[in-house]
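Me: Please take a close look at one part of this structure, the place where the ligands are held, and describe it in one connected account.

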Amino acid sequence: KQKGKGRSHYALFEERMERAITDFARMESALRTAISQDRIVPYFQPIQDLETGRTIAFECLARWNDPELGWVRPDRFISLAEESGQIGRLSDRLLRKACAAARGWPKDISLSFNISGLQLRERSLGLDILSVLGELGFNPARLELEITETALVRDVPVARESLDILSSTGVRVALDDFGTGHSSLRYICDFPIHKLKIDQSFVRTMCKRFESEQIISAVLGLAHGMGITATAEGIEDEAQMLALKRLGCDFGQGYLIGRPMPAEAVAGYLQGQAEYQRQRLSA
Ligand code: C2E
Ligand code: MG
Ligand code: MG
Ligand code: MG
């Protein structure tokens, strides 16, 4: 009897495994098709100078709207792309599209671009990115790469080599989701880091939890002490905005400032911002 029960459990397990494998295979091939057919497109979210209100950059955030699957979340398809060896190809095509769009923006607005941990372990990353910039005639000084601390944990020499090459041409590097990884402080010394992006979990709770505000304040002290800047992510309301300004945070990003938008919407957004600034000054 016991044995029979065991078998049926095992059969159930096998069934689940099979389903998981077919799901993975189906998603993997859907992703392959989506990349080939350019269905994964860059959206752009504004990053603002908190003192002046000026837009200093847009972060490229990948979006996939599949005719069959609908919207697939980036967390999901980025890790799928990593697991199925497609992240390099996806990132290359996205970077080209993002640079092409950013070429049409005012020259003082930068492009921020996310690089996955796996890519940093690829020896050719630095030269691959520079060759895209060269081909498209995109000024390296207008590009900022966002990397996560956890990405730096492995293969430190390979990652450092890429980041050093990129940095020497003027590309800047931001540590994304700062405060959520491990032994983060080491990396500020060991790598060419130009900016810290304070994770949205701290911003979300800063007006409710004293500790969060203290952590943000400490990170700002750290950044400024090292002669670099900080961006707060995930600003959703005025109270957070005011508190961050009061603490002297350099830059901000979040739904309050602007949601991620398709390339076609950027010009309209900038026009609206300029209008708003004019009204504010004349008021
Ligand atoms: P991230 O780089 O930390 O990007 C910030 C995420 O916060 C984005 O989620 C953005 O839409 C969201 N966000 C911005 N403002 C707010 C806000 O006020 N409130 C809330 N609740 N969320 C806000 P998204 O677009 O879903 O991307 C998730 C993550 O996927 C990104 O986190 C990034 O790690 C990764 N990702 C997205 N695009 C790419 C890409 O092209 N390449 C790589 N390697 N990773 C990417
Ligand atoms: Mg990012
Ligand atoms: Mg982030
Ligand atoms: Mg994140």
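Reply: In this predicted model, ligand 1 is surrounded by 23 residues, the closest being R63, D176, Q200, E236 and Y255. The space that ligand 1 takes is the largest pocket. Strand β2 (55-66), helix α2 (74-83) and strand β6 each contribute at least two residues to the shell around ligand 1, and the largest share, four residues, comes from β2.

Among the polar contacts, a nitrogen atom of ligand 1 lies 3.1 Å from a polar backbone atom of A62, a nitrogen atom of ligand 1 is 3.4 Å from a polar backbone atom of S116, and an oxygen atom of ligand 1 is 2.9 Å from a polar side-chain atom of D176. Of the 800 Å² of accessible area that ligand 1 has on its own, the protein covers 84%.

The magnesium ion (ligand 3) lies 4.1 Å from the magnesium ion (ligand 2), and D176 coordinates both. Because N114 lies in strand β4 (residues 110-114) and D176 in strand β6 (residues 172-178), the pair ties together parts that are 62 residues apart in sequence. With a relative accessible area of 7%, D176 is buried, whereas N114, at 28%, is partly exposed.

Technical notes:
Residues numbered from 1 in each chain as written. Chains lettered and ligands numbered in written order. Predicted model: local features only at pLDDT ≥ 70, side-chain atom pairs only at ≥ 80, totals over all residues. Heavy atoms only, no water. Donors = N, O, S within 2.8 Å, 3.2 Å for Na, K, Ca; no water. Buried < 20%, exposed > 50% of the residue type's maximum accessible area, 1.4 Å probe, protein only. Near = heavy atom within 4 Å. Polar contact = N/O pair within 3.5 Å; in protein donor to acceptor, adjacent residues only side chain to side chain. Areas by Shrake-Rupley, 256 points an atom, 1.4 Å probe, with all protein chains shown as cover. 1 Å grid on protein atoms, 1.4 Å probe; cavity = no way out; pocket = protein on both sides within 12 Å on 5 of 7 lines; lining within 4 Å. Sits in = over half its atoms within 2 Å of the grid points.
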